[in-house]
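Here is a friendly walk through one protein model, written for someone who likes cut-offs stated plainly. Have the viewer open while you read.

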Amino acid sequence: MILVADSGSTKTQWITETQSIETQGINPVRDRKEHILNIMRTELMPSLCSDVSDIFFYGAGCIEPFMSSVSEALAEVFPESHIEVASDLLGAARALCQKEEGIACILGTGSNSCLCRDGQIISNISPLGFILGDEGSGAVLGKRLISEMLKGSLTHLWDQFQDAYETGISDVIDRVYRQPQPNRYLASLVSFISQHRTDPDVCEMLKDEFTRFLTRNVARYDRPDLPVNFVGGIANAFATEIRSSCEACGLKMGRILARPAQEMLVYHQNY
């Protein structure tokens, strides 16, 4: 039996042909091996019904030298299984494009993209994180929302924002500059953006940010002939706006998958 994991910092989806199990998120940049082991033993194993022959784990933070803690933890829990650990971007590419040539993008808390072929990444424009890059991501949308409400085109929404979140400017500054994981806080504000997406200025902000993602990342692959495919909560929530931005940039819109684990499994069942 094949077990595929699609892991982010918040949650991990483990899927087989007959089961789907959700556990805490696993990010080896953040999590020590002992913590990863505990998640697998206490949250995954009690629900897993069958023996596993092959495991394919795709996750945020699964880069050298950190990814070894995931593979070592999996080897302890599944000593008889074949194990492969790779980045969430490779998982997205295989889910979206299978073995076809295409462009795969992640739009979630962060953003990323690649040109892929035969189930491998051919080229990748570095996302650079939410301070220097991550255009179109939840974190950057949240950052722009705050900035535009305080000194831009969205000042008319500030009172509604304060009422919705029972917060003021000092609280926002504290969460962004003093508290850990400001990117996750900023991404949590996307629900407010979604609620006000028909506001002309919010609509313009979304259009501008998704266009920035496409022009600074996707267009640099110089393959307007290929479909542009997406995974992630932001992509799923703002599919209409992203499609419009693709058309404006002369790019072909492909598929959007909110959660790619099922298509990752299909890839490994076929290849």
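How many aromatic pairs does the rule give? The count comes to eight aromatic pairs, where rings of Phe, Tyr and Trp (its six-membered ring) pair if their centres lie within 6.5 Å, and planes under 30 degrees apart count as stacked, over 60 as edge-to-face and the rest as tilted.

Before going further, a word on the source: this is a predicted model, in which local features need pLDDT of at least 70 and side-chain atom pairs count only at pLDDT 80 or more, while totals for chains, interfaces and linings use all residues. Residues are numbered from 1 along each chain as its sequence is written, and side-chain values use heavy atoms, with hydrogens and water left out.

**Aromatic rings**

A pair of aromatic rings is described by the distance of the centres and the angle of the planes. Two of the pairs are set out here.

| Pair | Centre to centre | Angle between planes | Class |
|---|---|---|---|
| Phe161 and Tyr165 | 4.8 Å | 40° | tilted |
| Phe210 and Phe238 | 6.0 Å | 45° | tilted |

Phe210 belongs to helix 10 (residues 200–216), and Phe238 to the loop between helix 11 (233–237) and helix 12 (239–248), so their pair ties together parts that are 28 residues apart in sequence. Helices here are DSSP runs of H or I with at least four residues, strands are runs of E with at least two, and both are numbered from the N terminus. Phe210 and Phe238 are both buried; buried means under 20% relative accessible area, exposed over 50%, and partly exposed in between (1.4 Å probe, protein chains only).

Phe161 and Tyr165, by contrast, both sit in helix 6, four residues apart, about one turn of the helix. Is Phe161 buried or exposed? Phe161 is buried, at a relative accessible area of 0%, whereas Tyr165 is partly exposed at 30%. Ring pairs also gather Trp158, Phe161, Tyr165 and Phe192 into a cluster.

**Nonpolar cores**

In soluble globular proteins, nonpolar side chains tend to be buried together. A nonpolar core is a set of buried Ala, Val, Leu, Ile, Met, Phe, Trp, Tyr and Cys residues joined through side-chain atoms within 4.5 Å. The largest one has 62 residues, and Met149, Phe161 and Phe230 have the most contacts inside it. Helix 3 (residues 88–97) gives the largest share of this core, with seven residues. A second, separate core has 22 residues, among them Leu3, Ala5, Cys62 and Val77.

Apart from neighbours within four places in sequence, Met149 is in contact (heavy atoms within 4.5 Å) with Leu154, Thr155, Leu157, Trp158, Phe161 and Phe192. Thr155 is found in the loop between helix 5 (138–151) and helix 6 (158–165), and with a relative accessible area of 45% Thr155 is partly exposed.

Five strands make up an open sheet, ordered 3-2-1-4-5 with mixed pairing; two strands pair if DSSP finds at least two bridges between them. Strand 3 (20–24) and strand 5 (82–87) stand at the edges with a single partner strand each, so one side of each has no neighbour in the sheet. Direction ignored, neighbouring strands are turned by 15° against each other on average.

Helix 3 returns here: it packs on the sheet and touches strand 4 (54–59) and strand 5, its direction making about 100° with that of strand 5. Axes are lines fitted to C-alpha atoms, for helices over the stretch in contact, and angles run from 0 to 180 degrees between N-to-C directions. Helix 13 (residues 261–270) lies across strand 1 (2–7), strand 2 and strand 4, at about 145° to strand 1.

Why is strand 2 described as largely enclosed by the rest of the structure? Four of its five residues are buried, so strand 2 is largely enclosed. Strand 2 (residues 11–15) pairs with strand 3 in the antiparallel sense over five bridges, with Lys11 opposite Gln24 and Ile15 opposite Ser20. Strand 1 and strand 2 are also antiparallel, over four bridges, and Ser7 stands opposite Thr12. A hairpin of three residues joins strand 1 to strand 2, and four residues lie between strand 2 and strand 3 in their hairpin.
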